[in-house]
Structure formats: structure tokens, C-alpha cells
Amino acid sequence: MPVNSILGVFAKSPIKPLQEHIDKVYDCASLLVPFFEATIAEDWDNAVTIRKKISQEEKEADSLKREIRLTLPGGLFMPVERTDLLELLTQQDKIANKAKDISGRIIGRQLLVPQTIQTPFIAYLQRCLDAVALAKEAINELDDLLEAGFRGREVDLVAKMISELDAIEEDTDDLQIQVRRQLFAMEAELNPIDVMFLYKIIEWVGDLADLAERVGSRLELMLARV
């Protein structure tokens, strides 16, 4: 193979684009905090503005995903399996999609989180976003892992992050149960249709942590194959 062709393969390493994608995904999901704060304040104009930002970030993440899929190299000089990277990319992208779905459903019905569960709900949301932040941190260690030949201290560091992701996901499960119980206790005071949608929103917020944990699991599997 000509030298230029070999360099071209290395020049198209998917690590940096994958990191750019998870950064964009995190930017998208993290906007849910100011979004819900705006809805709690019943500032729907601001909530709509933030929702548009979420939608734009999701759109940009989607464009990055398509670009990576189209340009992702394969073959002898890839440091990791192409299929593993594509699956990792898919799980990352689902986080941004979920953030867009959550904000869209809230805006569509002008759905308000009841006052008595607002504080635990925001704590639950933030903990789910902690998982997304840690998934982002783990993916951003990939270039150091590559430099280290997927050996040594960097592998141990990423393995620790993946374990922390599992722990955060368990935390969010517990927090979700608490929020659902509090909502159940006040169901009779609320519009039944709103209650149905609130349970769905609570579930979708939990999906953010679940998807972040899946990113960690895919990363762990990828490292096991190197």
C-alpha cells in the first residue's frame, strides 16, 4: 500500500469525531436543566427558546453521526472494530434524541411538574445528567487510550469510570422510584392525562442514565476485544 494511502487511513481515525459527537450530545442533554427550571417558573417563552436550542444541538449531533458513518474507515489499520464504534455512536446519539423527545413532550402539552415533587425531580434529572457527563469523560479518554496502546493506567482509569457509571445508574433507579411514589401519592389531585404523561417523562429522564450506562458498557466491550 502506498505511504499516502496508509497515512490517509490514520488521518481518518474516528476517535476525535466520536468525541466531538459525545460533546455535542452532552451539550444537548444538559440544556434540560434550564429547560425544566423555565417550565417550573411557568416561563413558557423561555422554555420554548431553550427547547429550540435542544432541537438544534440534537440536529447537529445527528449530522455528526451521519458524517462519521459515511467516513468511518475500516480494515487492517483501525485500532478498534468498526462495528464497535458504530454501536457506540448509536448509543451516544440516542441520548440527544431522548433529550429532544422530553422537551418536545413537555412543550406540546405545557406540562408542569407538580410543585411538591419539583425539588426531587430536578435532583433526579441532575443525577441522570451526571451519568451522561461521566460517559462523555470516558469517551474523551479514548485518544489517551489509543496512545497508550489500550494498556496500563489509562485502561484502569476508564474501567473505574465505567464502574462509576453503573453506580450512578443504580442511584437514578432509586431516585426514580422515589419520584414516582410521590407522584402516585398525589394522583387524585391532578389531571389524569397529565399524570400519564408525567410518568412517561419520569421514565424518559431515567433513560438518559440508562443510555449513558450503555455507552459505558459498549466501551467496556470494545476494550475487551482490543
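The model is predicted. The protein chain has 226 residues, of which 43% count as buried. Its secondary structure consists of 9 helices and 0 strands.

**Fold**
- Followed along the sequence, the protein chain reads α-α-α-α-α-α-α-α-α.
- Among contacts between residues at least 6 apart in sequence, 83% join residues at least 24 apart.

**Surface**
- The protein chain has an accessible surface of about 11,300 Å².
- Carbon and sulfur atoms account for 50% of that accessible surface.

**Cysteines**
- The whole structure was searched for disulfides, and 0 were found.
- Cys 28 has a relative accessibility of 0%, so Cys 28 counts as buried, a label given to residues under 20%.
- Cys 128 also has a relative accessible area of 0% and is buried.

**Asp 130**
- Asp 130 is part of helix H6, which covers residues 115-139.
- Asp 130 and Ala 212 are 82 residues apart along the chain, and their C-alpha atoms are separated by 9.3 Å.

Technical notes
Residues are numbered from 1 along each chain as its sequence is written. This is a predicted model: local features need pLDDT of at least 70, side-chain atom pairs count only at pLDDT 80 or more; totals for chains, interfaces and linings use all residues. Side-chain values use heavy atoms; hydrogens and water are left out. A disulfide is a pair of cysteine sulfur atoms within 2.5 Å. Buried means under 20% relative accessible area, exposed over 50%, partly exposed in between (1.4 Å probe, protein chains only). Helices (H or I, at least four residues) and strands (E, at least two) are DSSP runs, numbered from the N terminus. Contact means heavy atoms within 4.5 Å. Accessible areas come from the Shrake-Rupley method with a 1.4 Å probe; for residues, only the protein chains shown count as cover.
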